[in-house]
Amino acid sequence: MHAPSCSKCSAQTQGPFACLGPRLMARLMEVRVPHAYEPGQHLYLQGNPALAVYCLREGRVKLSQAMYGGGEHVIGTRGPGSILGYRAVLTGKHYRVSAVPIERTVACTIPR
């Protein structure tokens with residue numbers, strides 16, 4: 001998949017990447033890897049080690065927590081420009097929620 005330009009992504013002007021200077025943004029563009037996800041494929045699962053941050057380029061993702069007894073609690077949805085998993089990566093902990101596309105989604109994976 002061809003890597004989309006970060007300069008046209010709304011995540012560059014808002015959220016945790018907004019404060020990056022040109023040199024750090026260039027480094028970010030070097031390490032990111034774009035992936036396409038179909039509905040139902042997981043970006044990441046609750047409880048797994050946080051190994052990457054996900055920047056949503058297009059599509060929508062459902063965030064949910066597993067409940068005791070087998071159900072799930074939907075936290076919300078996120079769309080283009082959203083940055084997912086960065087708190088878990090920064091703290092070195094596990095993902096606290098699962099992220100699953102509800103429509104075809106393109107996300108750039110940024111390794112920890």
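Author: The largest pocket holds about 450 Å³ of space, where a pocket is an open set of points on a 1 Å grid over the protein atoms alone, with protein on both sides within 12 Å along at least five of seven lines, and the volume is the space filled by probe spheres set on the points. This is a predicted model, so local features need pLDDT of at least 70 and side-chain atom pairs count only at pLDDT 80 or more, while totals for chains, interfaces and linings use all residues. Residues are numbered from 1 along each chain as its sequence is written, and side-chain values use heavy atoms, with hydrogens and water left out.

Reader: Which residues are the closest to the centre of the largest pocket?

Author: Of the 18 residues that line it, the closest to the centre are Tyr44, Gly85, Arg87, Arg96 and Val97, lining residues being those with an atom within 4 Å of a point.

Reader: And which element gives the most to that lining?

Author: That is α2, with four residues; helices (H or I, at least four residues) and strands (E, at least two) are DSSP runs, numbered from the N terminus.

Reader: Back to Tyr44, is it buried or exposed?

Author: Tyr44 is buried, with a relative accessible area of 7%, where buried means under 20%, exposed over 50% and partly exposed in between, using a 1.4 Å probe and protein chains only.

Reader: What does Tyr44 form with Tyr95?

Author: The two form a stacked aromatic pair, 3.9 Å centre to centre with 20° between the planes; ring centres must lie within 6.5 Å, and planes under 30 degrees apart count as stacked, over 60 as edge-to-face and the rest as tilted. Tyr44 is in the loop between β1 and β2 and Tyr95 in the loop between α2 and β6, 51 residues apart. Together with Tyr54, these two tyrosines form one aromatic cluster.

Reader: Changing topic, how many salt bridges are there?

Author: The count comes to three, a salt bridge being a side-chain nitrogen of Lys or Arg within 4 Å of a carboxyl oxygen of Asp or Glu. Glu38 meets Arg104 at 3.5 Å, N to O, and because Glu38 lies in the loop between β1 and β2 and Arg104 in the loop between β6 and β7, the pair ties together parts 66 residues apart in sequence.

Reader: Which residues are linked in a network?

Author: Glu38, Glu58 and Arg104 are linked in a network of salt bridges.

Conventions
Phe/Tyr/Trp six-rings, centres within 6.5 Å; stacked < 30°, edge-to-face > 60°. 1 Å grid on protein atoms, 1.4 Å probe; cavity = no way out; pocket = protein on both sides within 12 Å on 5 of 7 lines; lining within 4 Å.
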